[in-house]
Amino acid sequence: MRATVTANGPGRLPADFDWGVATSAYQIEGASDADGRTPSVWDTFAAEPGRIAGGDLADPGCDHYHRWRDDLDLLAGLGVHSYRFSISWSRVIPGGRGTGNPRGLAFYDRLVDALLAAGIDPVIALFHWDLPQDLQDAGGWTARDTAYAFADYALEIGTALADRVSRWATMNEPFEHFALGHVIGLHAPGQTLTGDEAFSVAHHLLLGHGLAAQALRTTGARQVGLINSYAPVRPASTDPADGPAVSALDAIQNRLFTDPVLLGGYPAGLEAFGMDPHGALVRPGDLQEIATPLDYLGVNYYTVLGAGAPQDGDPLPFRLTDPPGYEHTASGWPVAPVGMRDTLQMLRERYQQALPPLYVTETGAAYDDKPDAEDFCDDTERIAFLSAHVAAVADAVEAGVDVRGLMVWSLLDNFEWAEGFAKRFGLVQVNFETAKRTPKASYQWYRDLIKQQSEATS
């Protein structure tokens, strides 16, 4: 049994609790055509008029590709134990297939070595939504071959870095990439698929995960996991007719990318979306590949969802609603720390012995930060949000859930996908005209929290 910290508040967490922060390649790197990198689906999507708020482009943005040493100093100043970042597939394997690109690989090689030298564990996510455009042109995730290409990519990166990187994630939030990118069309590649064509994306993402997990292990990767997003679903009213809607949204949001991985089968209820998990798309052996055992499950939590019975003409078996009684972030998301506790407990109760150890791999909030003349933000709302969510994790741990760490999203203000630079989640303010970094009050709060935990266990 692990020792626990006895300090007040979040000090209830285990003594060896892992504190970290997270970013993703496309959101911070910039340098979209540097050193042999080829376009991803997000480069193509963002170049289309009207796709991104304000017409923003991710390049140069934070320009982390050229300013990574400054960002390493920020990480060291925080005192984090781990730093999760993603690899740009297009940077390390231009076009997504074939021989690796030494110049692109060298960037991550330098970053990993520098992190280790600073006493920070690198945590790598292989895929954070930026599929190489060449693979998209060949069918993207609707094509089974993309899953095999992803496994080849995992083998390439694992071979290069697994001798120094102990914790890996195959993918980040495949549900969001599936739903927002391929069904609703708000994210790259901007598709609006339905039925089994949509299901093909989900199935091939899951198959790619399983194949990549196996490929990573052949390179010596010690901890391999998957990062999923979760959101408890609240009924829109007390009307019993809302019950099936809640179940339908829960199946697609919380179970579609978890049940096959942990239980070896698709959840009930997908037929309501026109998807046939028993059809020809799922070949013999696929579910065994997808259920490759995990060393941990990453949990991204931001908010709760509301669901009501669909109205006539609604295309989905639920109607999204705004749960009453909550304050909201600048993204319009309900602030519900209790949902963090509920999510972690739900996972333990739902999957029981099949559930591996958990890491909270993202939580955070966008607020309308107002920097002063020196670009400093006194972001008290974000501090309150993070403090409450850390306390909710501690509640879940005290209730017996095996949570090993927490990562804040995000280190830097960054390119927030379709919202461009309008929504800021960072602990560090970024002036996107100059790329100047200025730690916010929340950076100082998180630094002090980590220090408090360390001192309480020394």
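This is a predicted model: local features need pLDDT of at least 70, side-chain atom pairs count only at pLDDT 80 or more; totals for chains, interfaces and linings use all residues.
Colleague: Good to see you! What makes Leu294 count as buried or exposed?

Modeller: Its relative accessible area is 13%, and buried means under 20%, so Leu294 is called buried. Leu294 is found in the loop between helix H12 (286–290) and strand E7 (296–301). Among the residues that Leu294 touches are His209, Arg217, Val261 and Pro356.

Colleague: Nice. How do you know that strands E2 and E3 pair?

Modeller: Pairing takes at least two bridges, and five bridges join E2 (residues 82–86) to E3 (residues 121–127), so the two strands pair. They run parallel. As one example, Tyr83 has Pro122 in E3 as its bridge partner.

Colleague: And which strands close into the barrel?

Modeller: Eight strands do, in the order E1-E2-E3-E4-E5-E7-E10-E11, with parallel pairing. On average, neighbouring strands of this sheet are turned by 25° against each other, direction ignored. Helix H7 (residues 144–161) packs on the sheet, where H7 touches E3 and strand E4 (167–172). The direction of H7 makes about 160° with that of E3.

Colleague: Which residues of H15 are buried?

Modeller: They include Tyr443, Trp445, Tyr446 and Leu449. The buried residues of H15 pack against several elements, including strand E1 (18–22), helix H3 (64–78) and helix H14 (380–398).

Notes: Residues are numbered from 1 along each chain as its sequence is written. Side-chain values use heavy atoms; hydrogens and water are left out. Helices (H or I, at least four residues) and strands (E, at least two) are DSSP runs, numbered from the N terminus. Axes are lines fitted to C-alpha atoms, for helices over the stretch in contact, and angles run from 0 to 180 degrees between N-to-C directions. Contact means heavy atoms within 4.5 Å. Buried means under 20% relative accessible area, exposed over 50%, partly exposed in between (1.4 Å probe, protein chains only). Lists of a residue's contacts leave out its neighbours within four places in sequence.
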